[in-house]
Amino acid sequence: MSPTFQVLVRSITLEAAGVLSFELRPLDSQLLPAFTAGAHIDLHLPGGLVRSYSLLNSQDERHRYVVAVQLDPNGRGGSRAAHELRVGQTMGIAGPRNNFQLAEAAPHTVLVAGGIGITPLWSMAQRLQALGRSWELHYCARTRQQAALLDRFEALAPTARARVHLNFDHEPGGSALDLAGLQSRHAGETHFYCCGPTGMIQAFQAATAQRRRECVHVEYFASPIEAAVAGGFAVQLARRKTRLLVAPGRSILQTLLDAGVEVPYSCMEGICGSCEVPVLAGEPEHRDLVLSPEEHARNTRIMVCCSGSRSDTLVLDL
Ligand code: FES
């Protein structure tokens, strides 16, 4: 696990149907570690679950972190555990870490949010507004009742509020956001960001496929890519001078943990970046959504929770 520190659940707010936000404060008068818009933290929840959630508050705030969690009755238990938190409870968190960096100097920024995917994008909108940059936010939810943070938008100054566009496609007269039309209205230097359900991100990526890759940014809730668990290769731990065989059905991370090697991890599906390990030799089979295609091609880093190996041996800096 990543190193953790304790915070206090200072307040819990009902943000929308099934969505609670949690205001987390330090236990003492110290400031929390700084973060940048788009960052997430790992919540160490009761029951031993670790889940990553995006920070939704302004990066100018150091006295608190705010996350929002949508209850998923069919999920793996993280959202249920979070919704059982109570005001006054203490809990461990790790991070912050940012795999969804904001290009602050972009001439214009388009933010596209689906459902609870609004959280990192709202932090970005606040940052862009504070910097006086040009931005617009397109927020999609089924209905107004299911859309979190609406009161934050209403509190914006009228000129900023005009930058927020709401799409409720399950309401009378509502329709899905026209992603192709949206992207066609913007110049090539505009940066596009999307966070939402997998289907929405895939539609967003298809709509923006002709844009320069460095101008298109996405963050997934869950990975649509299967983890590599074919096994049949070895990992050489250079610092420990140990060689471990990764058996079929096991990930590299599971193999390391079984051997008592402590590696930080959180999401277990290649989206949070906490299990990154330097690669000294060998060719990983990358299955994560954290590293860019260029970083994958360099083969100098691997997310061991989900990625495998194309070579017989991977030498890791562990
Ligand atoms: S644990 Fe999240 S990327 Fe591996």
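Modeller: Domain bounds here come from an automatic or database domain assignment. The model is predicted, so local features need pLDDT of at least 70 and side-chain atom pairs pLDDT 80 or more, while totals for chains, interfaces and linings use all residues. Residues count from 1 along each chain as its sequence is written, and side-chain values use heavy atoms, without hydrogens or water.

Biologist: Which residues touch the most other members of the largest nonpolar core?

Modeller: A nonpolar core is a set of buried Ala, Val, Leu, Ile, Met, Phe, Trp, Tyr and Cys residues joined through side-chain atoms within 4.5 Å. Buried means under 20% relative accessible area, with a 1.4 Å probe and protein chains only. Of this core's 32 residues, the ones touching the most others are L111, L121, L137 and F153.

Biologist: Which element gives the most to this core?

Modeller: Elements are DSSP runs numbered from the N terminus: helices (H or I) of at least four residues, strands (E) of at least two. Those supplying at least two core residues include strand 7 (109–114), strand 8 (135–141) and helix 3 (150–154). With six residues, the most comes from helix 2.

Biologist: What is F153 in contact with, leaving aside neighbours within four places in sequence?

Modeller: Contact means heavy atoms within 4.5 Å. By that test, F153 meets I118, W122, L137, Y139, R161, V164 and L166.

Biologist: Which element gives the most to the lining of the largest pocket?

Modeller: The largest pocket has a volume of about 1,300 Å³, and 46 residues line it, with Q70, I116, G196, F221 and A222 closest to its centre. The lining divides into 23 nonpolar, 16 polar and seven charged residues. Several elements supply at least two residues each, including helix 1 (78–83), helix 6 (198–207) and strand 11 (216–220). Four residues, the most, come from strand 4.

Biologist: What about the second largest pocket: which domains does it lie between?

Modeller: Its space is about 870 Å³. Of its 27 lining residues, V216, H217, V218, V290 and S292 lie nearest the centre. Strand 11 and helix 8 (293–298) are the elements giving two or more residues to that lining. Two domains both give lining residues, so the pocket lies between domain 2 (109–220) and domain 3 (233–316).

Biologist: How is a pocket drawn, and how many residues does strand 11 give to the second one?

Modeller: On a 1 Å grid over the protein atoms alone, a pocket is an open set of points where a 1.4 Å probe fits, with protein on both sides within 12 Å along at least five of seven lines; lining residues have an atom within 4 Å of a point. Points join across faces, edges and corners, and volume is the space filled by probe spheres set on them. Ala, Val, Leu, Ile, Met, Phe, Trp, Tyr, Cys and Pro count as nonpolar, Asp, Glu, Lys and Arg as charged, and the others as polar. The largest share of that lining is strand 11's: five residues.

Key
Buried means under 20% relative accessible area, exposed over 50%, partly exposed in between (1.4 Å probe, protein chains only).
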